[in-house]
Amino acid sequence: MSDNSFFPVKQEIAKTAYVDEAAYARLYEQSINDPEAFWGEQGKRIDWIKPYSKVKDVSYTGDVHIKWFYDGTLNVSANCVDRHLATRGDQTAIIFEGDDPGVSKHITYKELHEQVCRLANVLKKNGVKKGDRVTIYLPMIPEAAYAMLACARVGAIHSIVFGGFSPDSLKDRIVDCDSHFVITSDEGLRGGRKVPLKANADKAVAAAPGVKHVLVVKHTGGNVAWTEGRDLWYHEEIASVSADCPPEEMSAEDPLFILYTSGSTGKPKGVLHTTGGYLVYASMTHQYVFDYKDGEVYWCTADVGWVTGHSYIVYGPLANGATTLMFEGVPTYPDISRFWQVVDKHKVNIFYTAPTAIRSLMREGEGPVKKTSRSSLRILGSVGEPINPEAWLWYYNVVGDGRCPIVDTWWQTETGGILITPLPGAIGQKPGSATKPFFGVKPVVVDNDGKELEGETEGNLCIADSWPGQMRTVFGDHERFVQTYFSTFAGYYFTGDGCRRDADGYYWITGRVDDVINVSGHRMGTAEVESALVAHPKVAEAAVVGYPHDLKGQGIYAYVTLNAGESPTEELRKELVAWVRKEIGPIASPDLIQWSPGLPKTRSGKIMRRILRKIAANEHDSLGDTSTLADPTVVTDLIENRMNNA
Ligand code: PRX
């Protein structure tokens, strides 16, 4: 990770970019010195029903409250759809590219308007009101975007659950936010394989008695079980309602959505985002970070089940009147050129993906990339985990033919939008660094005592002041919000990430400093995997840590202690992996399971995870201080039988 490799801003990009080097310096300074004035101006980029006169009311101490544009009113779906009708009604809003390369479809803003209105009327007809929660469990099909926008239109709060989550995980999320309405499809399609979404939803809903209706999109046409009275076909319902639905007037601080994410303790928490500030921030970052110009085709490969899909497939791009591509499939199907074939097919100008995808394609060499043109590409983006310089350079040289700047965007579910990133016309890149803060974002690096560190340094990454896209609370548990983000380092928002700041003021994210791991850009709490493992009848105790993994960034390493009398077998190992998949979902499958007769504990019984992380990383030569161990022989045994010898 050398600081010496530097890719200066390209003049041809800077010439037409919204922000060049001088503008970045000027605007950034303004945004930090006078946030009220800066955001007061920027807030006007979206349409308000009643304009705001108050810009910001934030306290990071005490009870913690965060409010932006808070006396204004607006509707998010009107901003993402209706306001474009006069100028770009016939422009494509969404390009849908199916799992099957023979299937694609263009949806204009006019068509989007009709679809969203109809679905909004279906929600209303079935009793969904402002403030109600609607759970969305859909594949990457346009109906997912319609569903989000229809909720926003009637003022309902959506909670999207990624289609890869198990029935149990879906049930927990439905119950936690007490949602009475679920939207799913018969099946999903990924890489030619069917995902039984309706069957999963049936299992989840069986244990969530509050659910009154399940609205089902007919996508693959596969057989599904049907509960009369509860289940509704999407196509039948939308045909029976009006294509006009006036948008609900929402206060800027009314909730827009809940998105569950993993933390270092307990069950996933419902991150709550609100209406006005979120939309201002998502649309502004989408425009400036990707330097999005009218008429360009923009493609973010994320799933709408993650925050990246919320902010940078749906809300940011559509608020900006962009053409956004939704891809149902996977990068390797029907073959490993698929991403680049899609780029050529739809003349994609801006392409935004995750390092894990880059690494897995890089493994296959240049051939599958080079047989495509990719000449439409102008800007490349990366998100979800640190990108190793090797993958960065491959992305830059092979995918972008050395022509396209890479924006390595650091942010989180909690932040609503991108916080640290290059701007293509303003900030030169160093492979592996997310570079510099976006407007209004004030990163600080603190030591473990919360002391702010100056200049070139390394420590815990915090943000000193609020930005409009910040989460407002944990749904139903404000105390957990305060505890998780504002109690570790008083007066700061704590990100959970470690970082280094170099002599040029560039930020290098070094990964999580808490018990959250990042597997292929998917965030997972070690505690969640542990509780799934100990729920197995043969398991006495489990400790889970992340370890460096060539493709996934981090892999899941589980230390498992079996109940007395149980013997460790290969079958049992497989059974435990399958068990975790069933309990949480495939993304939580342990990569390595080590049978551990005992776990390293302090005399007070606390598991010493630091030691487990070192052994999992095959770095047992540098275990550090082990003097507080209750029984040092446990460690010797773990090292001897370690699973990762790489
Ligand atoms: O550790 C950071 C990592 O992903 C975490 C946030 O995960 P999630 O809430 O699922 O959101 C992912 C998409 C925004 C962060 O705490 N992360 C995200 N982007 C980067 C990153 N780490 C390094 N570089 C990035 N560009």
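**Strand pairing, burial and the ligand shell**

Tutor: In this predicted model, strand β21 (residues 443–446) pairs with β22 in the antiparallel sense over 2 bridges.

Student: Which residue in β22 is the bridge partner of Val445?

Tutor: Strands β21 and β22 pair in the antiparallel sense. Within that pairing, the residue of β22 that bridges to Val445 is Leu453.

Student: Which strands stand at the edges of the open sheet of 5 strands?

Tutor: The order of this open sheet is β22-β21-β23-β25-β26, with antiparallel pairing. A strand at the edge has a single partner strand, so one side of it is left without a neighbour in the sheet. The strands in that position are β22 (452–453) and β26 (507–512).

Student: Which elements give two or more residues to the shell around the ligand?

Tutor: The ligand is surrounded by 23 residues, and the closest are Pro386, Gln412, Thr413, Ile509 and Arg523. The elements that contribute two or more residues to this shell are α12 (307–319), β19 (379–383), β20, β25 (493–501) and β26.

Student: How many residues of the shell around the ligand are nonpolar, polar and charged?

Tutor: The shell comprises 23 residues. By class, these residues divide into 7 nonpolar, 11 polar and 5 charged.

Student: Is Asp408 buried or exposed?

Tutor: The UniProt annotation "binding site", from an unreviewed entry, includes Asp408 and Thr409 among its residues. Asp408 is found in strand β20 (residues 406–409). Burial requires 20 or more other C-beta atoms within 10 Å. Asp408 has 25 such atoms within 10 Å, and therefore it is buried.

Student: How many C-beta neighbours does Thr409 have inside 10 Å?

Tutor: Thr409 lies in strand β20. Leaving aside neighbours within four places in sequence, Thr409 is in contact with Val289, Gly381, Ser382, Val383, Ile418, Thr421 and Ala434. Thr409 counts as buried, and its number of C-beta neighbours inside 10 Å is 24.

Student: Which residues does Asp408 touch, not counting those up to four places away in sequence?

Tutor: Asp408 belongs to strand β20. With the residues up to four places away set aside, the residues that Asp408 touches are Ser382, Ile387, Thr421, Pro422, Ser433 and Ala434.

Student: Why is helix α8 (residues 167–176) described as largely enclosed by the rest of the structure?

Tutor: The buried residues of α8 are Pro167, Ser169, Leu170, Lys171, Asp172, Arg173, Ile174 and Asp176. Their cover includes β6 (133–137), β7 (157–160), β8 (181–185), α9 (197–206), β14 (255–261) and β15 (269–274). Helix α8 is largely enclosed because the buried residues number 8 of the 10.

Student: How many of the 8 residues of helix α14 (residues 355–362) are buried?

Tutor: The buried residues of α14 are Pro355, Thr356, Ala357, Ile358, Arg359 and Leu361. Among the elements that cover them are β18 (350–353), β19, α16 (389–399) and β30 (553–562). Helix α14 is mostly covered, and its buried residues number 6.

Student: Which residue takes a positive phi near 60 degrees in the hairpin of β1 and β2?

Tutor: Strand β1 (residues 56–59) and strand β2 (residues 65–68) pair in the antiparallel sense over 4 bridges. In this pairing, Lys56 stands opposite Trp68 in β2. The hairpin has 5 residues between the strands, and the residue with a positive phi near 60 degrees is Gly62.

Student: What separates the C-alpha atoms of Ser77 and Tyr146?

Tutor: Ser77 is found in helix α4 (residues 76–80), and with 28 C-beta neighbours inside 10 Å it counts as buried. Not counting residues up to four places away in sequence, Ser77 touches Val116, Leu149, Ala152, Arg153 and Pro247. Ser77 and Tyr146 are 69 residues apart along the chain, and their C-alpha atoms are separated by 9.6 Å.

Student: What is the radius of gyration of the chain?

Tutor: The chain contains 21 helices and 31 strands. The globule rule gives 26 Å for 646 residues, and the computed value is close to this, so the chain is as compact as a globular protein of that length. The radius of gyration is 24 Å.

Student: What percentage of the 646 residues in the chain is buried?

Tutor: The C-alpha atoms of the chain fill a box of roughly 75 × 65 × 60 Å, taken along the principal axes. Of the residues in the chain, the buried share is 53%.

Methods
Residues numbered from 1 in each chain as written. Predicted model: local features only at pLDDT ≥ 70, side-chain atom pairs only at ≥ 80, totals over all residues. UniProt positions renumbered as here; feature names shortened; annotations may be inferred. Buried ≥ 20, exposed ≤ 12 C-beta atoms within 10 Å, placed from the backbone. Contact = placed C-beta atoms within 7 Å. Pairing = 2+ DSSP bridges. Near = placed C-beta within 6 Å. Nonpolar A, V, L, I, M, F, W, Y, C, P; charged D, E, K, R; others polar. Rg over C-alpha atoms; globule rule 2.2 N^0.38 Å.
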